[in-house]
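Hello,

Here is the structure I promised to pass on. My notes follow below it.

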Amino acid sequence: MRDIFLAITHEGLAIKKMMELIYCVFPLTILPPATHTLPNNIRIGGFFEEQNSIEEIAFKYAVDHINRNRELLPRSRVMAQIERIPKHDSFYASKRVCAAMSQGVAALFGPSSSFTAHHVQSICDAKEIPHIETRWDLTSATVRDQYSINLYPYPLTLRKAYLDLLSAYSWKSFTILYEDNEGLIRLQDLLKLTDEMGEDKIVVRQLRPGPSKDYRPLLKEIKNAGTRKIILDCVADNIQEILRQAQQVGMMTAYHNYIITSLDLHMVEMEDFKYGGTNITAFRLVNPSSELVQGVVREWIQGEVLYNRAIPFGGKSIKGANTTLHPTALPTETALVYDAALLFAKALNELDRSQDIQTVNLDCESEETWQHGNSLINYMKLVEMDGLTGKVSFDAAGFRSNFNLEIVELRKEGLTKVGSWESGTGTNFSRNYTEQYSEIVESLHNKTLIVSCILNDPFLMLKEDSGVLVGNDRYEGYSVDLIHEIAGILGFNYTIKLVEDGSYGSYNKHTGKWNGMIGELLDQKADLVVADITITYEREQGVDFTMPFMNLGVTILYKKPNKKDPNLFSFMSPLSIDVWIYILTAYLAVSLILYTISRLSPYEPVSEKKPPALERSESGLRLARQDPLYEAIFTCTGNPVRTVATQAETEVTEPTGNTFTVMNSFWFIAASLLGQGVDVLPSAFSTRMIAGLWWFFTLIMISSYTANLAAFLTVERMESPIESAEDLARQQRIKYGAVEGGSTAAFFRKSFHHKFQDSKITTYAKMWAYMDQNRNVFTKSNKEGIERVLRENGDYAFLMESTIVEYVVERKCELTQIGGLLDSKGYGIGLPPNSPYRTPITSAILQLQEGGKLHLLKEKWWKRMRGGGQCTEKVEGGAAALGIDNVGGIFLVLLIGLVFSCLTAIIEFSWSRRKSKAKNGISVVISNQVKGCCVERQEGKVCREWVPGGDPQQWV
């Protein structure tokens with residue numbers, strides 16, 4: 001459409017010039033005389049309320065600027081007809097409009113009141129007079145009147161800007177404070193977010209002031225609800241008072257965030273709030289720092305000074321240096337009035353090139369209209385210009401939907417531009433992460449933060465002389481050193497206070513509130529929580545945490561088991577009973593196999609028995625062997641007689657059997673097992689193979705036994721009934737519990753609800769079921785749990801965080817940690833929700849961690865201070881001497897072996913004597929019989945003869 005109008009304009013201009021040229025060259029009577037298309041004086045009407053003097057001044061100076069700038073309307077002069085009408089008197093406004101139209105106006109501007117503006121608009125539509133507005137119009141969001149144009153940003157597009165800003169700040173929950181129903185319409189798109197976020201995430205409250213505009217009761221309710229993010233929709237005149245009362249109730253801290261929907265925040269004095277650290281953000285359509293705005297405002301100020309009129313502009317040059325107001329700051333509607341007048345002039349100049357425009361006097365009672373009104377309003381929608389409010393342009397529907405907004409935030413130096421918003425691209429922040437981080441760190445300098453702590457060794461402890469000390473000097477511990485190091489890096493001061501209820505912080509579902517240190521953060525009683533507080537999902541929903549400064553997990557505290565008395569037969573401990581049985585079985589099997597193979601092998605030699613050596617007489621003659629029977633028979637005396645024998649010199653050996661008898665086989669295998677030598681060795685290849693394999697077997701077994709023997713004899717073993725959480729869950733004798741309501745109990749409780757996901761979690765679920773059924777196993781504090789472990793002497797185990805266990809076992813030598821960590825978590829520093837100090841403090845913790853400072857602090861307070869390190873076992877140099885308890889079994893085996901050997905020797909001796917007596921008894925009987933036979937022979941009697949090999953009692 002714009003191209004069409006421009007084409008018409010250029011074509012009309014070309015025809016006009018051609019006609020002028022023809023008239024000059026050919027002055028024929030048929031051509032009409034040259035006339036001006038615009039009248040010399042063009043009247044426009046301005047309707048303003050009585051108190052809006054600044055908009056009236058802007059309108060007048062805009063008209064003066066048009067008349068002085070001959071490029072806008074070179075052949076005409078604009079005359080402003082000012083009308084002042086009451087705010088709610090629509091009848092009077094209608095009469096003044098009709099009066100202005102009767103004088104022939106080309107356009108009407110204002111008023112700013114929506115009540116009277118609608119009546120003015122209806123009259124302009126009837127008379128086809130352009131009506132130019134600069135106010136926020138809720139009806140323009142859906143309906144645009146034919147002869148009306150509004151320079152105020154399109155409400156639907158402005159809503160999108162607020163949504164984009166919320167998205168850029170990642171606001172998920174907030175409270176909307178609105179002043180009137182128009183505010184609800186302005187924030188209609190934000191209210192629709194309740195369907196996505198939930199009603200509990202977005203709270204809507206109306207600002208209903210009490211006597212003397214007292215908003216504090218409502219603000220206190222919002223504070224008690226824990227709201228930190230607030231969207232404030234009210235007129236600019238009330239912003240300062242509302243924020244001042246919010247400051248009085250404690251809602252203007254560094255943890256609060258405000259988004260002001262008014263486009264005139266730059267016109268509000270914010271001097272009292274810029275040092276509080278509150279994040280106050282707003283959009284701005286007019287940039288007071290732009291050269292165009294500064295030039296226009298200076299021109300206005302010079303004019304007002306020239307005419308000795310009061311200057312209705314606020315700025316440092318007027319009110320002094322202690323102000324956040326810019327010297328050339330302008331209200332948005334005032335700048336829009338100025339731009340509207342210039343827009344009218346530009347559009348009229350463009351229309352003048354194509355049409356012969358004449359203003360007419362119109363009567364509201366007649367049906368006559370202005371024929372150029374429709375063309376003029378269309379040209380105004382096509383014209384683009386740069387004004388005090390930025391780029392001014394309209395879409396096809398006649399709405400100003402394409403505009404730019406500046407994002408401003410309150411800082412120590414005042415309102416500062418931090419970004420921009422465009423209808424096509426959305427939000428774009430000009431500052432980077434480094435700049436934002438530097439601003440936060442700078443705001444921390446010399447700021448005093450309240451640090452909430454809880455007494456718990458070794459994190460926070462009272463000094464021995466704390467009674468005579470005051471302030472932070474009363475305390476010592478890991479937390480004190482940690483916050484001191486962080487404060488040194490970031491440059492802030494701190495004050496330590498003990499939590500009032502002595503609790504870490506848990507959520508009460510019935511009251512919907514947090515207690516303990518978490519509750520103090522939410523109630524703005526503390527800025528930081530530095531203690532052994534565990535970062536959990538539930539707590540993360542209420543407050544913010546830094547990165548963990550200490551990692552830990554749940555573990556088991558138990559009474560240290562008694563040292564196990566040395567076993568009398570500890571020399572058998574290096575090998576299990578099964579191995580000993582296998583060795584004995586192998587010994588028997590190999591011995592029998594060796595015996596069998598040696599019997600079958602033809603190459604295995606047999607043993608030979610040599611005859612006894614021959615005895616000789618003194619003369620060298622060989623003597624016969626003593627033979628009592630022979631001597632008794634042949635000498636008949638029974639006395640031994642040695643005679644010269646006639647024995648042969650040849651020595652004949654007598655074979656006695658194989659070398660590896662059963663006894664020899666067992667003896668050979670036993671000697672090899674014990675690493676001893678024997679006088680019997682195998683000769684055949686098969687038996688040698690068996691011997692070699694057995695020697696290899698014994699080499700490995702003896703080496704393994706020797707390697708483990710030293711450890712079993714020197715290391716003192718503890719006899720503990722449990723070694724892990726699984727052992728604890730399987731048994732029933734030892735009770736176990738945790739602090740009731742603490743993070744450790746919460747860990748087991750959550751495992752119970754997910755018990756089918758993992759085998760370990762199943763064990764934890766079983767443990768929680770036991771604790772839940774036996775509520776007496778829970779304690780009120782870690783100290784009570786430690787005392788119970790000591791008191792019940794092995795019948796109670798306490799589940800607690802590993803950091804406390806490590807601290808306790810360094811000082812109470814009768815306690816120990818059982819198993820490893822059951823989970824993994826960390827201690828962090830707690831901060832209020834959306835705290836700007838989270839990132840700097842996290843960076844400081846990371847710096848301390850990389851520098852090894854955190855490790856040094858833990859070594860200091862765990863192993864050195866307050867009795868630390870006294871349970872560290874001293875390692876003596878060299879091997880420990882073995883006592884009789886360690887090697888007494890060897891002596892016992894030796895003693896038993898000696899006794900058994902003696903008994904065996906006695907049995908052998910008795911058996912040998914018995915066998916020898918039997919043999920000697922036969923010899924005596926034979927000798928007596930022979931003697932008797934010899935006597936009978938001498939007496940001439942018949943003597944019985946003994947048959948060799950027969951019974952000695954039988955004689956022939």
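Which residues of helix 2 meet which residues of helix 11? Ile57, Ala58, Tyr61 and Arg68 in helix 2 meet Glu299, Trp300, Gly303 and Glu304 in helix 11. Contact means heavy atoms within 4.5 Å. By class, this contact has 4 nonpolar, 1 polar and 3 charged residues. Ala, Val, Leu, Ile, Met, Phe, Trp, Tyr, Cys and Pro count as nonpolar, Asp, Glu, Lys and Arg as charged, and the others, Gly among them, as polar.

Before the rest, the ground rules. This is a predicted model, where local features need pLDDT of at least 70 and side-chain atom pairs count only at pLDDT 80 or more, while totals for chains, interfaces and linings use all residues. Residues are numbered from 1 along each chain as its sequence is written, and side-chain values use heavy atoms, without hydrogens and water.

**Helix packing**

Helix 2 spans residues 53–68 and helix 11 spans residues 291–306. Their axes come within 11 Å and cross at roughly 105°. Helix 2 and helix 11 are therefore roughly perpendicular (65 to 115 degrees). Helices (H or I, at least four residues) and strands (E, at least two) are DSSP runs, numbered from the N terminus. Axes are lines fitted to C-alpha atoms, for helices over the stretch in contact, and angles run from 0 to 180 degrees between N-to-C directions.

Helix 16 (residues 478–490) packs on helix 29 (residues 853–863) at about 155°, with the axes 10 Å apart. The two are therefore roughly antiparallel (over 145 degrees). Tyr478, Asp481, Leu482 and Glu485 in helix 16 meet residues of helix 29, including Lys853, Leu857 and Trp861.

**Backbone**

Most residues other than glycine have a negative phi, and most peptide bonds are trans. The exceptions here:

- Gly110 to Pro111 is a cis peptide bond, with omega near 0°. Pro111 is in the loop between strand 3 (105–109) and helix 4 (114–127).
- Asp457 and Pro458 are also joined by a cis peptide bond, with omega about -5°. Pro458 lies in the loop between strand 16 (448–453) and strand 17 (461–462).
- Ser170 has a positive phi of about 60°. Ser170 sits in the loop between helix 5 (155–169) and strand 6 (174–178).

Best wishes

Definitions and conventions. Angles under 35 degrees count as roughly parallel, over 145 as roughly antiparallel, 65 to 115 as roughly perpendicular and the rest as oblique.
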